[in-house]
Structure formats: C-alpha cells, structure tokens
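Reader: I am new to protein models and would like a close look at a single part, the place where two chains meet. Could you take me there slowly, beginning with the chain that forms one side of it?

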Amino acid sequence: MSIASEITRLQTAKANIKTSIENKGVVVSSSDKLDNYSSLIDSINISTQVKTVNPQNYTKEITPDVGYRGLSKVVLDGVLVDSHDSYTSTTDDNVAYEKIVPSGALKYASLDKLGGMSEPSKNLLNIPDVAETTNNGITYKIKNGVIIMNGTASSGISLILVNNINIVNSNGLCAVLFVDTHNTNPTTNVEFNYKTAESSYYLQTRIDNGTYAQSIISRNLNADSNIITRLSMWIPNGTIFNNCVIKPMLVNGSTAPTEYQPYFSGIRDSAVVSVKSYGMNVWDEQWEIGGYNFSNGNTAVYNNRIRSKSTNYISVIPNSTIYIYCGDTNAKWCPFFYDKNYNYVGSIGNSYTDISYYTNTTYTVPSNAYYLRFYLTSVYGTTYNNDVCINLSSGANGTYKQYRGLIETKTIPAEVQALTGYGWGINDTCYNYIYYEIKKFIQNVSNYTLSLTDDVRLSSTAIITDGTNSFIRGYLSGIPLNKQNLNILMAELPTQSFSYWQGTYKEEFIGIDPNNGNVVFVVNTVKAGETLETLKAWLNGKVFYYELETPVETYISQYLNDNTIEIEENGTLVSNNTYEQKVPSEITYLVEV
Amino acid sequence: MDKKEIELAILNGVADKVYPKLVRELINEKYSIYDELAIQRQRDTKPQEFIEYNNYCEYCKREAKRQLKLIPVESEL
C-alpha cells in the first residue's frame, strides 16, 4: 500500500459519494471539497408524504406529489363495497294482463319477450238465443248466454230456461248462476234445477238479493256419467222480476268461478296486439260537485253537505291493491266499484261515516271490479288542490304525480300477428313469443286437427270401468311433440300427467306417454262409444295443442321496430290481447337502488 | 351487464353512472380479484405481468366507454 494508491482510493470514494449525493437531487460542484460533503448530505430532501385516497373498483396508481421523496403512509378512506352500483336491472316475467312498473324504475323499459296464451272455454254451457217470450206473466229473453226476466207470475210455473244441454257429467261439474236482481228482490222460494234423464241437481231455493244486488249460486255435481239435459226454474205464483239478469255456467271440477265467462267453442288464442304504458296516477283529475249513492252507485246530490266527486270511471285491476294519496289527511274518500259492464258492484261500507274511508291508505279492489268512481267528503272542500292521486301500487305511499294517462303505445306489426302460431300458449312455461333481442319469433306450440284418417288405435285394455263410469282408451303416435315436458291442451278433455295415467283413474283426459310420445285419449263411453270407430268419430274434427319437440325460430327483424317503451315509476303496462287474459311477457326495467 | 342493460342505460341517460360497473365486469372477465392482488404484490419482481395487466385495465376502460357511447367511436385513445 503506497501513498499514491491511497490517494487514488480516496479520490474514487469522493467521486462515488458525489454521485450518490447527486442521485438524491443535490447538485455537487466539482469545486466542492470533501469538507463540504456533510452539509451537502444534510441538504438531501428526505420528506415523505401521507396520502389519503378513495378506493376504486379498478387499478389506480398512488404516487407522491412533487417535492416529496416518497409516501410514508397511504390511508384508504373507507371501504368501497359497491358504491357505483346505483342502478340495477330487474326483469319482470310475470304472466299478467296488466303489470305495475316497479318503484325506482327509470324512464324507459325494454320489452324483451311477448307471448300468447290459449284456453278452452271454462263455461261448457252453450245456450241458444231465445227471442222475447211471455209465459204466465213472466217475460224473458236469452242473448249470448244471458237470461233477462221481467214481470209478475200469474200462477206457479215451471219454466225451462235451457233445453237440449247434452253435457255428460264425467269428471264432476260445478253449476254456477250469476244473478243480478238490481236490488229488487223477487219473492223467496224460486228454485233452479239441472235435469238429467235419471234425476235432477237442485241448486237453490232462493235468489239472494244480497247487499250489492248480485249473488253467485253454485253447487258441485259429483261425477256420475249422467247427461244433463235442461236447466229449469220453478217460480211461485206472484213472484215479481224487475230486470233480473241470470248468467248460468257449467264448469269442470269443483271450484266455482268468481266471474262469469260466456261460452265459446274449441280453443281460444289470446295474442298481444299492443303494449300500452300508463302513468302512475290512474285518476284523470276531472272533478265536479256531487257524490255517489251507496245503494246503487248512481250519481247523488247531497244538498246539505257539498262534496266533490270524480267525473269519469277509473280503470282498476281486480284483486289488486290501490293507494289513495290526498294532501288533506282529514278528508274521507268514498269509493264505488263497477264491473266490466259498468254495473255497480258496491262500495267498501254502507256510508261515508265508515271509519275505513280515510285517505292516504291502501284499499283492495273487489275481485269482480274493473272500474272505480269516488267522492271526497266536505272536509276537503270544493276546490281541487292538485293533490289527489290514485295509484295501482301500494309501494308508492305518500306520493302525488300529475295524471298523464296513456304515455306510449307499442303496436305489434300486422305481419307478426299474422304468423302461424302467434298468440298460442299452453301454460306459463310453454308458449310462442316474440324475442326482441334476437329479432325472432319462437314457436314452441303447434296444433293438430284430428280426422277419420288418423291412425288412432285402441290401447291393450280398451275399456275400463269403476262400476259406475266407463271409459274408452285410444292413442295416436307420430306427433313430433316434446316427450319430456308433456305439454298438451284440448278443449274437450282435461290434461293429465303420465303418473296419473299409470294409476287407477276414473276420469277422462288427454295425456302423453313419455316412453313413446303417444298422445293418449281416455273418453267417457257415453260420449265416444266402445269401439275404435265410435272413438274416431268423436275425435274427428277436434283439435289439440302440443309442445314441439324442436322449437321453430323465424327471423322477423324486418318487421320489428324499437322495443323500448316509455314508462313512469309505479305506472302500469298493459298488454292488450285479443282477449283479456294473462299473457306471458318479459320486461326489463333499470331501477335506481 | 348484457346488451339489453347497456342499451337501457344509454336510453335512460345513466351510462356514466353504470360505467364503473361495466369496467369492473370487463376486467373480471380476465382477472379475478385474487389475480389482481397477486399481480399488485409482485409488481416489482414481475414487472412485465403488471404492464400487461395495467394495459388490459386501460383497454377495459376504453371499451366500456365505447359500449356505453361515452366517447365518439372515432376518437379512441
């Protein structure tokens, strides 16, 4: 080790130190001596920064600001779970004629799928029209299945209302009479009877006037294979009828319908022709002085207490919940409900003094009510303050929105409505529909018309009996149907599943054998006889709907237009069908969370 | 978010509010949250992986804006 090598070593070390200091951002002059290096080192900026940041859902680089050497600490300001998800989509796939737009829904919704539904007539009773006829003082007529009676019986009379009915009670029936006496009660002991060759089914001795001038008389008729021949009525001497309306129904099963349905033959398809969007407030805010009569729903004038009433009928949904908002919380709100034909159904109580008539609460629409009128008691006054709102959603409590009425209509193009199978559907999971997103018409359901040339065969045990009822069994093979889902529909025979078919059965039905895809018919021998020829004769011309083994998809982009529709939160979307009934549809809303 | 939801968001004028949700979904198509944490942890030892990941995240942001029509198509970054 020499002095020279030591000097070289020291010079090299000084140069390295100089470089290190310069790398830390401090300029070192070449004239700076080693004596100054300590102060240069002291001037190195070692300040660090503490930063607070908001966590994000994506990559973010956190760096010190200018003038800082580094970060001594990073503080995450709270924990982000999902703060950017202020909106979510929700799909409404209810099977419904009318739907309520959910709370929080934004201005536009997407119509995704629109389907159809097919149904046989619930009412088996096909009553021919009868021109006005007078018999012993009673005048009656029959039109479209509805019987209207007037007059005073001059003597006791057995009146045949319907003859030649010819319905076999194979699986059990429910006989129903919808009677509207318009509050003028005929005298008691008026009897209704369904006659058979063997006996009669006795319904009721009296037309019950009831509070709302309408009653439903029903009776279950146990399965006995008897043929129902006529409906008759025993009217005692002196009985008075004043526009008494009687609507008879005979339905399969044991559950009485709550609403009258007229008869129609075969299977009826209900296809969507348009979708209409309505605002939240279903009341048109048309207002006048007066009230309505609790006993008959007609306009009433209350001379000593001025009230204010709705001028026009308001459309409501049966069995639904409505919410009445009113700026005056002391005002009483009296509703009056009407059926499809604007006949008065009733109110909720008997008088405005009923405590349940307050506003800013919910009410249930009666099962047979389609329209509503109302008045507000004198507490509210006679000047409308733009603060009364009736909405069909109980979820919009305490909200007023101005009446908008019809917001937008989307009409299904005629070319689409004309597609074979448009509007057909067997149940909520098996139906034909427009699929907007892919611009296709999806056909899951087809139909088949039976004829004498079809290769219908008898089952190995063709005739089965339980000692009272006898049935003939036959089958038809070769229909390209779905063997897994077993969806099939026929007007004349109820559908039953394979498991039912395998058991001990005493009822007629149509079904599918999943082992071989055969369509199986089991029919009461009173109707279809006991031979192959008589069975084929009964089947001839009848139609059944079935689910296709392979759906058929057809491009319809050239017909479809924009599938979005303007809506209002808590408004209503109505799919106007050929016949008003539940129709499958899927609608997507963007909802604010 | 499917195509229908994106169209609804644009139509209803809330595309900017659902943008972060769509970006997250696009990132998650390739990287799970655990993948992202591992890449972040090994940022210095595996810099190339981080660069690829960061570039993909930037792509997702551009793609989400494009789908939601938040930027004109011609001026892609």
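Author: The secondary structure of chain A comes to six helices and 42 strands, where helices (H or I, at least four residues) and strands (E, at least two) are DSSP runs numbered from the N terminus. This is a predicted model, in which local features need pLDDT of at least 70 and side-chain atom pairs count only at pLDDT 80 or more, while totals for chains, interfaces and linings use all residues. Residues are numbered from 1 along each chain as its sequence is written, chains are lettered from A and ligands numbered from 1 in the order in which they are written, and side-chain values use heavy atoms, with hydrogens and water left out.

Of the 593 residues in chain A, 47% are buried, a word that stands for under 20% relative accessible area, with exposed meaning over 50% and partly exposed in between (1.4 Å probe, protein chains only). Among contacts in chain A (heavy atoms within 4.5 Å) between residues at least 6 apart in sequence, 73% join residues at least 24 apart.

Now to the meeting place itself. There, 22 residues of chain A are in contact with 21 residues of chain B. The size of an interface is often given as the accessible area lost when the parts come together. Between chain A and chain B the buried area is about 1,900 Å², of which carbon and sulfur atoms give 57%; this area is the accessible area (1.4 Å probe) that two parts lose on being put together, summed over both.

The two chains share one salt bridge, a term for a side-chain nitrogen of Lys or Arg within 4 Å of a carboxyl oxygen of Asp or Glu. Asp112(A) forms a salt bridge with Lys4(B), and their closest N and O atoms are 3.2 Å apart. On the side of chain A that touches chain B, at least two residues each are supplied by strand 3 (87-92), strand 5 (105-120) and strand 42 (585-592) of chain A. Strand 5 of chain A gives the largest share of that side, six residues. Sorted by kind, the residues of the side of chain A that touches chain B are seven nonpolar, nine polar and six charged, where Ala, Val, Leu, Ile, Met, Phe, Trp, Tyr, Cys and Pro count as nonpolar, Asp, Glu, Lys and Arg as charged, and the others, Gly among them, as polar.
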